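This briefing is meant to be read beside the sequence and the coordinates.

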Amino acid sequence: MQHQAYQPVLPCVNKYLQYRWDKNCYEMHRNKLEEERVSRIERENQMLIDKMAHIKQTTGGVNCRNDYVKKSLGSEKRLQELLHITKENQRILQRLSTCRPHHSVQVWREQWLKNLELMENIGRYPRLYTAQRSSLPPISADRH
């Protein structure tokens, strides 16, 4: 009675026959899948048996030695670039350490005191810049 509720994909003359044919095809497909699954399991089992037999025939020890030497393809170029950058940095450091400053601390101090005086003159309320002036450390003559 299942064939009466069966809706075939393709148009057919007899639903019952089409149902039987489709059911038969489906069963063949399922059997094929089961056979493939069984054959895959048997193949894996055979591989395991072979591995176990190999272990039994040998000592069964594990060889963990790795004689491979790690080698980078661009290591020489990177090393040359590093040397070049190091030399250039040393030259820049030498130039910086030999050059004299362009600015004078004494001139900066005089400008700051002048700015304080101007701020006092243009400010709405008087400030105590004289206290700030006295708190500034004296400038030594050896600094430029």
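In this predicted model, Gln18 has a relative accessibility of 15% and therefore counts as buried, since the cut-off for that class is under 20% relative accessible area. The residue belongs to helix α2, which covers residues 15–57, and, once residues up to four places away in sequence are set aside, Gln18 is in contact with Tyr6, Pro8 and Cys12. Buried positions such as this make up 6% of the 144 residues in the protein chain.

**Overall fold**

- The secondary structure of the protein chain consists of 5 helices and 0 strands, and reading along the sequence gives the pattern α-α-α-α-α.

**Exposed area and a nonpolar patch**

- The protein chain exposes about 14500 Å², of which 57% is supplied by carbon and sulfur atoms.
- Tyr16, Leu17 and Trp21 make a nonpolar surface patch of about 310 Å².
- Trp21, one of the residues of this patch, is placed in helix α2, the helix in which Gln18 also lies.
- With a relative accessible area of 51%, Trp21 is classed as exposed, because that class begins over 50%, whereas Gln18, at 15% relative accessibility, counts as buried.

**The salt bridge**

- A search of the whole structure finds 1 salt bridge, and the side chains of Arg40 and Glu44 meet in a salt bridge with an N to O distance of 4.0 Å.
- Arg40 and Glu44 are 4 residues apart in helix α2, so about one helical turn separates them.

**Helix α2 in brief**

- Helix α2, spanning residues 15–57, holds the buried Gln18, the exposed Trp21, and the salt-bridge partners Arg40 and Glu44.

Definitions and conventions:
Residues are numbered from 1 along each chain as its sequence is written. This is a predicted model: local features need pLDDT of at least 70, side-chain atom pairs count only at pLDDT 80 or more; totals for chains, interfaces and linings use all residues. Side-chain values use heavy atoms; hydrogens and water are left out. Helices (H or I, at least four residues) and strands (E, at least two) are DSSP runs, numbered from the N terminus. Buried means under 20% relative accessible area, exposed over 50%, partly exposed in between (1.4 Å probe, protein chains only). Contact means heavy atoms within 4.5 Å. Accessible areas come from the Shrake-Rupley method with a 1.4 Å probe; for residues, only the protein chains shown count as cover. Patches are made of residues with over 30% relative accessible area and no salt bridge: like charges are joined within 9 Å, nonpolar side chains (Val, Leu, Ile, Met, Phe, Trp, Tyr) within 5 Å.
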